Amino acid sequence: MRRHLLATALASLAALAAHAQQPTPTTTVISADRLLDVRSGRYIDHPQVVVQGERIVSVGHAGDASPAGARHVDLPGMTLLPGLIDMHVHLDSDPTYGGYNNLQFGDRFWSVIQVPNAQKTLMAGFTTVRNVGSDNWDDVGLRQAIEEHKILGPRVVTATYAIGATGGHCDSTFFPPSMDQKGPYNVDSPEEGRKVVRTLKKYGAQLIKICATGGVFSHGDEPGAQQLTYDEMKAIADEAHMASLKVAAHAHGAPGIKDAIRAGIDTIEHASLIDDEGIRLAKQHGTWLSMDIYNTDYTQAEGKKNGVLEDNLRKDRDISQVQRDNFRKAFKAGVGMIFGTDAGVYPHGDNARQFAVMVKYGMTPVQAIQAATINASKALGNDKVGVVEAGRFADLIAVPGDPTQDVRVLENVPFVMKGGDVVKDAR
């Protein structure tokens, strides 16, 4: 008994000593000319943001008392905003290897190039991303390396493999039968869908991605054609939600979009050919639309040079203007919109170029910024990102000028803080 008490006492003392040796979190006080409150869309003049460790502890005004010994980051002439969120990226993709050009590389090549892609994304001011589809569990390894501070990158919400139907957009469709190429997580029944959700979660999926319709950069299908049935999508959504996972659906065509919304899918990706009924359903169900309306500018200009097949470029041309017009229509109707770019189809780090296109097609600059901040945090179900307020992660960017007047200033972000660490300061 005495030995047990002695051992317990020694263990307690050791724990106390270890705790005492932990460094006190660094306190940082950040000041700027203004801070955009993305909830109201209004500026807070001369803000003072106090950060301890990786979290914001208070948001006040210049001249408020600040903690003794705090380091100060002064950003005169600059506007503070929350770190931006891109809800649709593929960090292990490179648009300069289109069509069959990617076959010259081994599987591990893609896991390596995602490292500089992640850093470019973070340096562009995007402190959180959803990686909606990745091969070989690349995105899980990336997330873990970032979380362990081995490499620089944004917070990555990992979908791992996308779930598709046999022969569909998320299957491997560019090869003859003799090569026996197929996606490892195709599903052709509700039961198969449930099992794949469980498997992907087991190995690191924090989000489930499905391919409900055909696509642009696949072979042998058309974007408007539905590929997963309502029952398959419903089973996947139910299983994911039971595990507290959100579901994103690649869906260009109107029938697939509507079945995905009815099935309980959380976000519709692309939504290019959405019709009036789909818009009504999205608003009724509170389904978010993530419409990548910038990237066609790049794919049409550079795709052929990069090896993209003409049939893929044809599909891209066919839907591009329709998608942009439907973006305007859906937003005007009051559907919830989130910022998603499909980075990887165009170069990583250029994510913010989409803001100007969103403004061109109906949003104010503030509304476009809200799509990449507070709306995105709501769609993620994450109350720790997307807003500068106490309790949230100290993910902040600063830009010169006024992004509510000229949203293009977000295309060149000189100051980035992630989790209380200044990762870029090019002032």
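Let's start with two tyrosines: tyrosine 294 and tyrosine 346 are both buried, where buried means under 20% relative accessible area, exposed means over 50%, and partly exposed is in between (1.4 Å probe, protein chains only). Before going on, keep in mind that this is a predicted model, in which local features need pLDDT of at least 70, side-chain atom pairs count only at pLDDT 80 or more, and totals for chains, interfaces and linings use all residues. Residues are numbered from 1 along each chain as its sequence is written, and side-chain values use heavy atoms, with hydrogens and water left out.

Now for the aromatic rings. A pair of aromatic rings is described by the distance of the centres and the angle of the planes. Here, rings of Phe, Tyr and Trp (its six-membered ring) pair if their centres lie within 6.5 Å; planes under 30 degrees apart count as stacked, over 60 as edge-to-face and the rest as tilted. Searching the whole structure turns up 15 aromatic pairs. Take tyrosine 97 and tryptophan 110: their ring centres are 6.1 Å apart and their planes are at 80°, so the pair is edge-to-face. Tyrosine 97 lies in the loop between β6 (84–89) and α2 (107–123), while tryptophan 110 is in helix α2, so the pair ties together parts that are 13 residues apart in sequence. (Helices, H or I with at least four residues, and strands, E with at least two, are DSSP runs numbered from the N terminus.) Tyrosine 97 counts as partly exposed at 27% relative accessibility, whereas tryptophan 110 counts as buried at 15%.

Back to our opening tyrosines. The ring centres of tyrosine 294 and tyrosine 346 are 5.2 Å apart with planes at 90°, so this pair is edge-to-face. Tyrosine 294 sits in the loop between β12 (288–290) and α8 (296–302), and tyrosine 346 in the loop between β13 (337–338) and α10 (353–360), so the pair ties together parts that are 52 residues apart in sequence.

Follow the chain from there into α10, where Gln354, Phe355, Ala356, Val357 and Met358 are buried. The buried residues of α10 pack against β6, β7 (126–131), α9 (310–332) and α11 (365–371), with contact meaning heavy atoms within 4.5 Å. After α10 comes glycine 362, with a positive phi near 120°.

What about the strands? Two strands pair if DSSP finds at least two bridges between them. Strand β1 (residues 27–37) runs parallel to strand β5 (residues 71–82), with seven bridges, and leucine 35 stands opposite leucine 80 in β5. β5 also pairs with strand β14 (residues 396–400), in the antiparallel sense over five bridges; there, proline 82 faces leucine 396 in β14.

β1 has an antiparallel pairing with β3 too, over five bridges, and isoleucine 30 has valine 49 in β3 as its bridge partner. Five of the six residues of strand β3 (residues 47–52) are buried, so this strand is largely enclosed by the rest of the structure. Next, β3 pairs with strand β4 (residues 55–61) in the antiparallel sense over six bridges, among them one that joins valine 50 to serine 58 in β4. The β3 and β4 hairpin has two residues between the strands, and its glycine 53 takes a positive phi near 65°.
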